[in-house]
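User: I would like to go through this structure feature by feature. Please give the general idea each time, then the case at hand.

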Amino acid sequence: MDFHNLLNNYGEAVAMLLFGIGFSNLLLQKNLIKKIIGLNIMDTATYLFLALKGYIHGRKAPIAADGVRNVEAYINPIPSGLVLTGIVVSVSVTALMLSLTIRLYRRYHTLDLDEISTLLKKEGK
Amino acid sequence: MAFVQNFPFFSILLSLFSGPLAFVLNAKGARRVNLAVITAAGCMSGAVLAYVLGTGEPYVYTMGHFPAPWGNEIRVGVLEAFLALFFCVIMLLSMVGGSLEQKLELEESKQNLYYVMVNLLLCSLLALVYTNDLFTAYVFVEINTISACGLIMIKQTGRTMEASTRYMIMSLLGSGLLLLGICFLYDLTGHLLMSNIKEQVQLLAESGAYHIPLVVSLGLMSVGLAIKSALYPFHAWLPDAYGYSTVSSAAILSSLVSKGYIVLLIKIFYRVIGFDIVRETKVVHVLFVFGIIGMIMGSLHAIGENNIRRMIAFSSVAQIGYIYMGFGLGTAEGVVASIYHVVTHAATKSLLFVAASGITDASGDSLRYRDLTGAGYRNKLAGAAFTVGSLAMVGMPIFSGFISKLLFSQAAFGHRYKMLPTLVALAISTVLNAVYFMKTVIRIYTPVEEGQQEEMAQGRVITAREQPAKSVALVCFIFLNLLLGLNSEPLIRLIGQGLEKFG
């Protein structure tokens, strides 16, 4: 087997591993807080992937300082912009999830979603 | 450039800014703003539809006059304008039909927040329909998710809170996959505008380079959107979310929110990747199989349900299955049938939810079957409307559902492997639909026997005049259904014409 590509792109491989870890945590964990942590790992992995794809070796962040106007001097700014947008989205989603979790915890005194479902069935409403 | 061409952008912006506006108004003011904005967006979409039907060609609207590979774009053709108009109509009718419940079920101080959510939802739906930029689409998918979650949880009971948490979790899994798919595609092509991506994807397909990443990216986006639109087996959140939220929310969630994602998926198939390449990647087969399973399993769940709202919700799972099965056929006819079914299902499901609320109002607010006995006599208009909706879902001729089933079977005809499974699944699903919908219709038209009265929840007679808003909405819904069922030819032609120019 040829591991050459994998070794060259180890950053992307790590990003995918992290995405898998986050995804399975969000899907499988019972505890709501752990789910939210999974969500954040998953999103961050995507940003890592994007940031890696926008990076060009040996170049600098695209901020025009010291009068350098040459395009060749800078990395691709678009993925960085996408990461910023993505961070905004994931922050708001995380805030929403956390507020839901607080609500549920106050009412049912547990963070386990399945347990909450059982309690709801007992309430019978 | 004609002034009308600005309207898609105006309608998105108008609904976006009316959100914060509703936040500072009181409940009554927010409600008026909301209805006015939906009507205005609908009128603008109607004008745009008339314009693009006149020119016959889709047009591209560059935002801020930045040219193609850099700027953000809106692309409007016949199909987009029609869908925007239709979504506005359904949303307006759902909001009017559920206006009584909005006042009764929501806390006084939180009612204006409800309209904030609805305005933002309208904004995101319009943006999903019109946008030509993949990352913009992702951002509006998230706005759609967040506002839909708000619509569920605004009625604060334990059930809705649990349902919105489950909804968020499933949705976030879906958007994670969608985002990763978009990142892969951006990485492969270097573009975010859909038309530019397609050019590059065509080149990649011709040269055969990066075949696997392309398929993975398409798969991620399809699965992500399928999860978000509650394709079986990702439907666990759906019955509670639709079953216990307030009526307008349930109607809007089932008929519009899931459809926004489906419109985006059609866009990805046609405008981003190109349907020929999608067909070759065999992603369609996967959608086909899940669609077929969903059609049958959704109906089976619905049969076992003892709560009328949850039953209608499970029926949505089956109908989403139909739509994905249409994509799975991998032909233009199949996609036309799917789009027609998107329209049919939106018109019928919102009718059913509003009618069901009329029926339960006449049965002491109970959702259980036993208490619904004879409700069709107590609330005549809601009973008639529910019957129309049921017949349409089952697929009776002269109602809208019949046409979409006809289109599905015609599309499947002559297909080498998929004809038989499609026809068999359609037949089984129709029978199952008939079982649970007709069971309900018979139940609401069974007179209450003596001695049974004590066991039932206290019902009361409701006349059409007593709830004028709901009655108007129901009558409009019934006419819409009959229109779709009796005069489908122009619409099918419009969808076909729009889809040709969609890519």
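Analyst: Start with handedness: a crossing is left-handed if the near helix is turned anticlockwise from the far one by less than a right angle, and right-handed if clockwise. The crossing of H13(B) and H19(B) is left-handed. This is a predicted model, in which local features need pLDDT of at least 70 and side-chain atom pairs count only at pLDDT 80 or more, while totals for chains, interfaces and linings use all residues. Residues are numbered from 1 along each chain as its sequence is written, and chains are lettered from A and ligands numbered from 1 in the order in which they are written.

User: At what angle do helix H13 and helix H19 of chain B pack, and how far apart are their axes?

Analyst: Two packed helices are described by the angle between their axes and the distance between the axes. Helix H13 (residues 283-303) and helix H19 (residues 419-444) of chain B pack at about 15°, with axes 9 Å apart. H13(B) is therefore roughly parallel to H19(B), the cut-off being an angle under 35 degrees. Axes are lines fitted to C-alpha atoms, for helices over the stretch in contact, and angles run from 0 to 180 degrees between N-to-C directions. Helices themselves are DSSP runs (H or I, at least four residues), as are strands (E, at least two), numbered from the N terminus.

User: Which residues make the contact of H13(B) with H19(B)?

Analyst: Two residues are in contact if their C-beta atoms, placed from the backbone, lie within 7 Å. Among them are B:Ile292, B:Met295 and B:Leu300 of H13(B), with B:Ala425, B:Leu432 and B:Tyr436 of H19(B). The contact divides into 12 nonpolar, three polar and no charged residues. Ala, Val, Leu, Ile, Met, Phe, Trp, Tyr, Cys and Pro count as nonpolar, Asp, Glu, Lys and Arg as charged, and the others, Gly among them, as polar.

User: How many residues does each chain give to the contact between chain A and chain B?

Analyst: Chain B gives 21 residues and chain A gives 30. On the chain B side, H7(B) supplies the largest share, 15 residues. That side divides into 12 nonpolar, five polar and four charged residues.

User: Is B:Glu105 buried or partly exposed, and why?

Analyst: B:Glu105 counts as partly exposed because it has 19 C-beta neighbours inside 10 Å; buried needs 20 or more other C-beta atoms within 10 Å, exposed 12 or fewer, and partly exposed lies in between. B:Glu105 is in helix H4 (residues 99-105) of chain B. Not counting residues up to four places away in sequence, B:Glu105 touches B:Lys155 and B:Thr246.

Terms used
Angles under 35 degrees count as roughly parallel, over 145 as roughly antiparallel, 65 to 115 as roughly perpendicular and the rest as oblique.
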